[in-house]
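Hi,

Here is the model I promised to pass on.

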Amino acid sequence: MYIVARARILVAALLTVALLGASAAAPILASAANGPKVVLIVGPVGATTDRYRQLADEAAAVARRFTPNIVRVYSPEATWPAVRRALQGAAIVVYLGHGNGWPSPYRDELYPATQNGFGLNPTAGGDDSAHQYFGESTIGSQVRLAPGAVVVLSHLCYASGNSEPGIPEGTFEQARQRVDNFAAGFIQAGAGAVIAEAHDGPAWYVEQLLSTRASVAAIWRSSPTAHGNVVRFPSQRSPGHVALMDPDTATAGFHRSIVLRGNLRTDDLQAATVNVGSLAILPHTLVDRGLEVAAPAIQDLPVAGGRTRLAIGYRTDGAGLPEGVQVGVRWDPIDVPVPSEPLVIPGVVPEPAAAEPSAEASSPAAEVPATPSAAPQSASGPTAAPAGPRLVVAESPGSVVAPAAPRISAAAMALMIRIPAAPGLYRMVTTLHDADGVAYDAETQALVPALIVRVTAPMDARVSVAADVVARPDSIVRLPMSVTNVGSERWGEVPSERQVLSRDGASRLQVILVARWLSLGSTPAVDLPAAARVSLADTIDAGGTAAVTANLQSPAAAGSYLLVLDVQLPGGRSLAAEGVGPALVRVTIR
């Protein structure tokens, strides 16, 4: 029986390597030897991913001194199917990556589908930026850890009671809830303890858990990062468990926590007993259905902070789409000004709470993001994190994939999506997922074209006019143009009957194009024509366009000039003064 058991373990280990696919950039190792199973997971965190992989490798090197049963699942291969399979029977789990917890500024209530779990690669072999959250409900229902397993959450936002860089850490009570909530799904999956360390690497914990005979609580209390400000309280989410926090000060700096069964000891760590061979990763594709997908189409003007309907035409070979197929939307910033405050990552709508996208009919993204592939930042709160490897990394705009169920007809999928809160140029990436939110393979995703979308401000204009013009001195320059209201607000007001009868009153109410001349020459300033005012319309609705031909007096001297075109609303309100870039025309007088 012993030989048969060893053979079964060997077969399972070989199957793990074959199905998960090891690579130099993202190694996945499995051992045939029986011993406590250590699983190390690194999710995509942009430019910091390499550092997180290094920290995980340090922990793996320590673990290898005590057990050969080690599995590494690193970005860009850390998809949920790979992680779920690796976790079965694990005695020690280490995760480094983005954390999405609650309470947070982006939801009014707990959302178990995406919160308090992992931020993982949507599809294998992608990049180290895009990620999808799999929350406590998914972990609790699909993972079975070894009894008494210990989970170490390293460098996460929210897990230890903190928030994230750039956002106030909140109250002590909010920190307690975050700690309790983040541990719940792992405890449901069989964990005996969940440790969260926002600033220290996981290698020390792995060594202590495998080399000592002690209580897990005592190990946590003796951590090199201990502050001696321990607060203990019963877990509300996991009855029979207790939670301990050790803030930097008596009331702030929530960077260390543990939730555990009070008497848990390292002696309780057990060898893996789950037959991982029964959890094989099957082909996950829609290509075999002959799927063809048209370019996604946005129905309305993409105005910052708004919403619009996204439609995706498709056809199959007759098999149709699987039941429960979902659509995810990710906005990759291309040319977006850095905001002064964190931005909400948009997704589908409506939502039951604030910002994290979920199903269209009923319910990002979580850690809110600021700049594309943001550089590592120090943790927020009264006590800042040191520079270097002791990092908690905030979200980056456009990096979160959050799928939702579309309305599906025989020829199209459609759903409402949110537009990013910051104006600028984006690459909108649409992804296809199954009913559990798991993304289909890369070949399927390649079927859906990406869109380049310019997101406009609520008050924004687009002037279509020639970029270069040649004219004679002191002559009339005829300049055809169209002015489009690409914002969400109407320009002007519908004039009353009295105002229409008053010519002066009507002119004051109209939307006007103001043209000003600037000299680009190095010669002394020349006399320039006065600013010209061209009436466009009484009102221009959002999405509306006014076409005019401006007859402008040119400068009397030959040379190079710049014609600056600004839209002025009734009351003298200048769009350029409100941050809308004016249109520029280079004019050569000769």
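Residues are numbered from 1 along each chain as its sequence is written, and side-chain values use heavy atoms, with hydrogens and water left out.

The chain has a mean pLDDT (the predictor's confidence in each residue, from 0 to 100) of 81, and 79% of its residues reach 70 or more. Where pLDDT is low, the predicted coordinates should not be read in detail.

Now to the cores. A nonpolar core here is a set of buried Ala, Val, Leu, Ile, Met, Phe, Trp, Tyr and Cys residues joined through side-chain atoms within 4.5 Å; buried means under 20% relative accessible area, with a 1.4 Å probe and protein chains only. The largest has 46 residues, and Phe 118, Leu 145 and Leu 153 have the most contacts inside it. Helix 5 (residues 172–188) gives the most to this core, with six residues. Another core, of 38 residues, lies apart from it and includes Ala 56 and Leu 260.

Finally, Ala 149 lies in strand 6 (residues 149–154); helices (H or I, at least four residues) and strands (E, at least two) are DSSP runs, numbered from the N terminus. Ala 149 is buried, at 0% relative accessible area. Its contacts (heavy atoms within 4.5 Å) beyond four places in sequence include Ala 90 and Gly 190.

Best wishes

Note on methods. This is a predicted model: local features need pLDDT of at least 70, side-chain atom pairs count only at pLDDT 80 or more; totals for chains, interfaces and linings use all residues. Buried means under 20% relative accessible area, exposed over 50%, partly exposed in between (1.4 Å probe, protein chains only).
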